[in-house]
Amino acid sequence: MICTKCGKNQAEVLISGKYLCVHCARSEIVKRFRKELSLSKFLDREDRLVILTTENFMDVSSLIEKLIYNICKSCKLDVLIDKINEEEDINKTLWKIMIKIRETDFKKIILPFTADFFLSYLIYSISTGYMGYLELYSLVVEVYSKKIFVPFYSTPRFELLGFSEITGELKTKDAFLNEIIKWASKQFADNEIYHTFGSSINVIKLENRKRCKICNAIIERGDCCKYCLESFSHLCSEQSQKQELEERV
């Protein structure tokens, strides 16, 4: 199959329903990244940024770092990649990232999560009944007086395959989430759902949900999530601790 954009080279990457060659695929993603960066108003010419990542997103993180430096060549940027150790529970991993954001000196943070991760996490959250950190699905999130940029929130990993940095399939340490990721990749291999499922998250009306006072997770009761209760019990009310004990029993 020939690239539908240049009409010359062999098509290798599927992007938004179009089969593109590696060169055109890279060009399409760079254009999209540049647009998202501009819309977010995230970057200043002299900035300190941190990309918070896990091992399974190190390749995407490296790509983001490369794109930022290439797009803003005349800028004086300081970009750090900080890897967070994963847990077997994806919500515990996301909790660790949120606590890192809370405690870091950086005012601007980038998360490397892609649309295939968020789609799978949406299904995971509905299945487990814990909405946790669904609100991270957004171009920009502001919390703790800090700005979080998620450039590939609507871009699935397979659309990034034109870049040499992207290796392998998405796989986490959470076995249940991995099953959902595998299922979704088979069901929606060439589907626009990765760019449109955000409306499903909006139906949940996250802005009206109760929040953990420490990590901002969506919770049903009390003032702290179960992870913050384990690590910051002294900051949580006695009522929250009592409810947690009752749930364990």
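## Strand β7 and its neighbours

Strands β6 (residues 140-143) and β7 run antiparallel and are joined by four bridges. This description rests on a predicted model. Within the pair, Glu-142 has Lys-147 of β7 as its bridge partner. Two residues lie between the strands in the hairpin of β6 and β7, where Tyr-144 takes a positive phi near 55°.

Strand β5 (residues 108-110) also pairs with β7, here in parallel and through three bridges.

For β7 (residues 146-149), both faces are covered. Lys-146 and Ile-148 are buried on one side, and Lys-147 and Phe-149 are buried on the other.

## Helix α5

Helix α5 covers residues 175-187. Its 13 residues should span 18 Å at 1.5 Å a residue, which agrees with the 19 Å between its end C-alpha atoms. At the N-terminal end, Asp-174 caps α5, with a side-chain oxygen 3.1 Å from the backbone nitrogen of Phe-176.

The buried residues in α5 include Leu-177, Asn-178, Ile-180, Ile-181 and Ala-184. Seen down the helix axis, the buried residues of α5 fall within an arc of 160°, so they line one face of the helix. An α-helix has 3.6 residues a turn, so residues three or four places apart point the same way. Among the elements covering the buried residues of α5 are α3 (90-103), α4 (115-128) and α6 (193-196). Ala-175 and Lys-186, on the other side of α5, are exposed.

Key:
Residues numbered from 1 in each chain as written. Predicted model: local features only at pLDDT ≥ 70, side-chain atom pairs only at ≥ 80, totals over all residues. Heavy atoms only, no water. Buried < 20%, exposed > 50% of the residue type's maximum accessible area, 1.4 Å probe, protein only. Pairing = 2+ DSSP bridges. Expected span 1.5 Å × (residues − 1). Arc of directions from axis to C-beta. Contact = heavy atoms within 4.5 Å. Polar contact = N/O pair within 3.5 Å; in protein donor to acceptor, adjacent residues only side chain to side chain.
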